[in-house]
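Hello,

Here is the structure I promised to send over. My notes follow below it.

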Amino acid sequence: MLEQNLIQQGVQLIKVGELQKAYQVFQHVIKTSPQSADAYHFMGFISARLNNIPQAIASFEQALKYKPNHADAIVSLGGLLRQAGQIDKAIAHYRRALKNGAETGHVLFHLGSCVATKERDEEAIELLEKSIAMDPGYI
């Protein structure tokens, strides 16, 4: 119960732009609940927003260590890996997100974009068409 209240407090701080304070809240959650995948996910989100990509990746990986099907952490990590040029790892993470119920136009679009860079055009087209069908306004 306390963990969930602190997570909500941290989320509210993120919403008002108090990223450093929110990060401290999530660090406190980790001290009291060291296996909190949600706290690690939000720490990764904040680290990415602050352009601390190595820390963001480490935080998302910790979230997945404790909750392997954490769809938000999978998608977030896939995006960072894609930005870092680690396309094969990004593809694996996006596929994992789809397998875990995160099939959205957004995920399909980014997976399709990654697949296209690997010159797998037919698969990329299929993924991108599915993305557009699910969320025509995304692109």
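Start with Tyr138, which lies in the segment after helix 8 (121-134). Helices here are DSSP runs of H or I, at least four residues, numbered from the N terminus. This is a predicted model: local features need pLDDT of at least 70, side-chain atom pairs count only at pLDDT 80 or more, and totals for chains, interfaces and linings use all residues. Residues are numbered from 1 along each chain as its sequence is written, and side-chain values use heavy atoms, with hydrogens and water left out.

Tyr138 is partly exposed, at 31% relative accessibility. The cut-offs: buried is under 20% relative accessible area, exposed is over 50%, partly exposed is in between (1.4 Å probe, protein chains only). Beyond its neighbours within four places in sequence, Tyr138 contacts His106, Phe109 and His110. Contact means heavy atoms within 4.5 Å. Gly105 is 33 residues from Tyr138 in sequence, yet 7.2 Å away, C-alpha to C-alpha.

Next, helix 6 (residues 87-99). Its buried residues are Ile87, Ala90, Ile91, His93, Tyr94 and Ala97. They sit on the same side of helix 6, because they cover an arc of only 165° around the axis. That arc is taken from the directions from the helix axis to the C-beta atoms. These buried residues pack against helix 4, helix 5 and helix 7 (105-117). The face turned away from them carries the exposed Lys89 and Lys99. Just after helix 6, Gly101 has a positive phi of about 90°.

Last, His70. It lies in the loop between helix 4 (53-66) and helix 5 (71-83). His70 is buried, at 5% relative accessible area.

Best wishes

Notes:
Helices (H or I, at least four residues) and strands (E, at least two) are DSSP runs, numbered from the N terminus.
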